[in-house]
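Colleague: I have just opened this one and would like a careful tour of it. Could you take me through the parts worth a look, one topic at a time?

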Amino acid sequence: MLTFLNTYRYHLVIAFMIASVISYFLLSASQTLYAEADTIGKNVANFKEFETRFQDLAKEKGGAYAYEVLKRAAIPPNTDLHLLGHTVGDVLYAQVGIDGIALCTQDFRNACSHSIVIGALNEFGGEPALLKIRDACKKAPGGSGAYTMCYHGLGHGIFAFYSYSFPETVELCGKTGTPEYRNREATECVGGAVMELSGGGGHDREAWNVAREKYLNDPVGLCMGPYIPDDTKSQCLTYITPELWRVAGIDLGKPQPELFEKAFALCDVIPRSESALRKSCYGGFGKEFVPLALGRDIREIAKFGDRETETVEKWCASAPLQDARVACMEQAVQSLFWGGENDPNITFRFCAYLQDGDLQTACYKELAVAIDSYTFDDRKSILCAQVPAQFQNRCLQ
């Protein structure tokens, strides 16, 4: 018996040593292979220089390689990694075309697939490109949310394609919706256009600035006005948040939390009779708070812990009205869950740590909605069993 145990332990030690050596060489190979990750972010003067460095790398070694470097690179806080992902994706499309979507992952909040469909739009034109784009979006890697989020990226491209004009953009976005997805493609498309107006402009800076002057005299007024169809006003308000922050005097690079209350109040101009639209306006804050709590490094979502949770809760609680605080928390949940692409345990930990009872209730309730909306395999019953009993029926609809 003793001899057997000694032999077993000997083989166990040998196996461990072999595994350690293999891991060491794999890690060393990975570090050597993507060595640019250690240097590409050094001494960067501004975001434009960052874009240029990644463009050059993607052209030299391929877009897929540049994405791997972007995953590993040392990046200064508050760098917009989603837009950097678009930069690499644009080069990837130039290299391999629409089939490049097979190389995309959900990293950087689907920036790669966004760039691929934008490239297809520019190559094949407006409406003639839509069938090709639909096929590409159905191949976008990820869960059930990847397909519709692909149309969010399309909205960025359509808006630029039409020289930042909303009437043409909204018309083409409207042709993307299908009954199968309850017209979700169209609403995501308009949301992408609004986000492009808020923080894009890379395709034609001059035309973009003209559009901003035209559409953003009153940020909430854009979403409530005639340019945005009624069935997409909610999506517009969800993505207009950065403009509300600018109006409130908030520095988007280094936001001042003491000004969030002032920014929340800008949503109050929406009539109380339009409660769903007010909720969307408030909710956009929660969507932005999640990446902001991570210094905008969305690669680190798995590290979202108690400190980040406490920060988001504090920021949502700065809203002067209870319905605003709840809406903020609900969209924070959706941002963390991200259509089922992120580890659901992150969102469960988030809800469990919240100190405010009302906000915790809102958190679990929205988590049940998210699980029901985006989980369709055997995991659904397992995840639903983890939410409080009063929300399990909603989770299992």
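Colleague: To start with, how many disulfides does the count come to?
Modeller: The count comes to seven disulfides, where a disulfide is a pair of cysteine sulfur atoms within 2.5 Å. Please keep in mind that this is a predicted model, in which local features need pLDDT of at least 70 and side-chain atom pairs count only at pLDDT 80 or more, while totals for chains, interfaces and linings use all residues. Residues are numbered from 1 along each chain as its sequence is written, and side-chain values use heavy atoms, with hydrogens and water left out.

Colleague: Okay, which cysteine does C173 join?
Modeller: C173 is joined to C189, with 2.0 Å from S to S, and the link is left-handed, with -60° about the S-S bond. Because C173 lies in helix α8 (residues 166–174) and C189 in helix α9 (residues 184–199), the pair ties together parts that are 16 residues apart in sequence. Helices here are DSSP runs of H or I with at least four residues, numbered from the N terminus.

Colleague: Is C173 buried or exposed?
Modeller: C173 counts as buried, at 0% relative accessibility, and C189 is buried with a relative accessible area of 0%. Buried means under 20% relative accessible area, exposed means over 50%, and partly exposed is in between, using a 1.4 Å probe and protein chains only.

Colleague: And what does C351 pair with?
Modeller: A disulfide joins C351 to C363, again with a stated S to S distance of 2.0 Å. The torsion about the S-S bond of this pair is about -80°, so the disulfide is left-handed. C351 lies in helix α18 (residues 344–353) and C363 in helix α19 (residues 357–374), so the pair ties together parts that are twelve residues apart in sequence. C351 counts as buried at 0% relative accessibility, and C363 is buried with a relative accessible area of 0%.

Colleague: What about C384, which cysteine is its partner?
Modeller: C384 forms a disulfide with C395, their sulfur atoms being 2.0 Å apart, and the link is left-handed with -80° about the S-S bond. This pair links distant parts of the chain, with C384 in helix α20 (residues 379–384) and C395 in helix α21 (residues 392–395), eleven residues apart. Both C384 and C395 are buried.

Colleague: Where does R296 lie, then?
Modeller: R296 lies in the loop between α15 (275–293) and α16 (306–317), and its phi is near 65°, a positive value in a residue other than glycine. R296 is buried, with a relative accessible area of 16%.

Colleague: On to the rings: how many aromatic pairs does the structure hold?
Modeller: The structure holds 20 aromatic pairs. Rings of Phe, Tyr and Trp (its six-membered ring) pair if their centres lie within 6.5 Å, and planes under 30 degrees apart count as stacked, over 60 as edge-to-face and the rest as tilted. One of the pairs is F159 with Y164, whose ring centres are 5.2 Å apart and whose planes are at 90°, so the pair is edge-to-face. Both F159 and Y164 are buried. F264 and Y282 form a tilted pair, with 6.5 Å centre to centre and 45° between the planes.

Colleague: Which residues form one aromatic cluster?
Modeller: W245, F260, F264, Y282, F285, F289 and W315 form one aromatic cluster. Within that group, F264 is buried with a relative accessible area of 0%, and Y282 counts as buried at 1% relative accessibility.

Colleague: Last one, which ring does the charged end of K132 sit over?
Modeller: The charged end of K132 sits over the ring of F124, 4.8 Å from its centre. A charge sits over a ring if NZ of Lys or CZ of Arg is within 6 Å of the ring centre and within 35 degrees of the ring normal. The charged end of K138 sits over the ring of Y147, 4.7 Å from its centre.

Notes. Helix = DSSP H or I, 4+ residues; strand = E, 2+ residues; numbered from the N terminus.
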